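Work through the following exercises with the sequence and the coordinates side by side.

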Amino acid sequence: MPRVTEVIDYLKEPELVKWMLRTSEKKRKQIEDDSLRVGSRVDLLVQQDLRDGGYLLPEDDSEVMSCMTAWEKFKKSRPDIVEAIQLEEMQRELSMRMPDGEVVFGHPDLPILQKDRWGILDIKSSKNIWPKHFTQDAVYTEMKRVMDGMSLPRFIGILRLDKASELPFYQEITDESYIQYEVSVFNAYYLAFNHNRNNRETIRMIFEDLKA
């Protein structure tokens, strides 16, 4: 079963491709590993904060500290969102069956349940917010809608915790037609991902037949 992020990452944004082409492999790996480290630590600290009402700030990691400062500011500015987080649903595995029968799965960050709506908040510590982040979040809401029988309205929210400015940047989309559009975009991602996977298998079998 492929992950939602695995499917979406198959097709990269042109800006990201250009960066990869002008950056050495060693430098790319260093940046990617550092980004993964920060993102993983921030996710764990946010979950700990929500579950236990506090966390131990890692003074050995300035970038993580900056992200958590931004998190504290977000909590103060949007208590309506924070108080509606479903703690028991954090990082729950969701899945969706594609038209070809394949199942994709994912683990969204923070499911939100409010009086008149519900949604999923994804936390990012990356330098940029890419269009695929909204596609990813929309798919998570679609998975939850189908699996849990959720009714509309829903929303998708992206919270970027800035490692430099220590500020939170929150963007929310409530337009149902846009969310549905993003779900259809994911289906296009999946088509390209699966086409590549199937073609690789076909080529492998052809070479095996030639060797026989």
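**Exercise 1. Find how many cavities of 30 Å³ or more the whole structure holds, and describe the lining of the largest cavity.**

Solution. A search of the whole structure finds 1 cavity of 30 Å³ or more, where a cavity is a set of points on a 1 Å grid over the protein atoms alone at which a 1.4 Å probe fits but cannot get out, and lining residues have an atom within 4 Å of a point. The model is predicted, so that local features need pLDDT of at least 70 and side-chain atom pairs count only at pLDDT 80 or more, whereas totals for chains, interfaces and linings use all residues. Residues are numbered from 1 along each chain as its sequence is written, and side-chain values use heavy atoms, with hydrogens and water left out.

Next, take the volume, which is the space filled by probe spheres set on the points, these being joined across faces, edges and corners: for the largest cavity it is about 40 Å³. The lining consists of D43, V46, Q47, Q91, D109, L110 and I123. Helix α3 (residues 25–52) gives the most to this lining, with 3 residues; helices (H or I, at least four residues) and strands (E, at least two) are DSSP runs, numbered from the N terminus.

Finally, sort the lining by class: 3 residues are nonpolar, 2 polar and 2 charged, where Ala, Val, Leu, Ile, Met, Phe, Trp, Tyr, Cys and Pro count as nonpolar, Asp, Glu, Lys and Arg as charged, and the others, Gly among them, as polar.

**Exercise 2. Which parts of the chain does the salt bridge between R41 and D60 link?**

Solution. Begin with the contact itself, in which the side chains of R41 and D60 meet at 3.9 Å, N to O; a salt bridge is a side-chain nitrogen of Lys or Arg within 4 Å of a carboxyl oxygen of Asp or Glu. The pair links distant parts of the chain, with R41 in helix α3 and D60 in the loop between α3 and α4 (62–77), 19 residues apart.

Technical notes. On a 1 Å grid over the protein atoms alone, a cavity is a set of points where a 1.4 Å probe fits but cannot get out, and a pocket is an open set with protein on both sides within 12 Å along at least five of seven lines; lining residues have an atom within 4 Å of a point.
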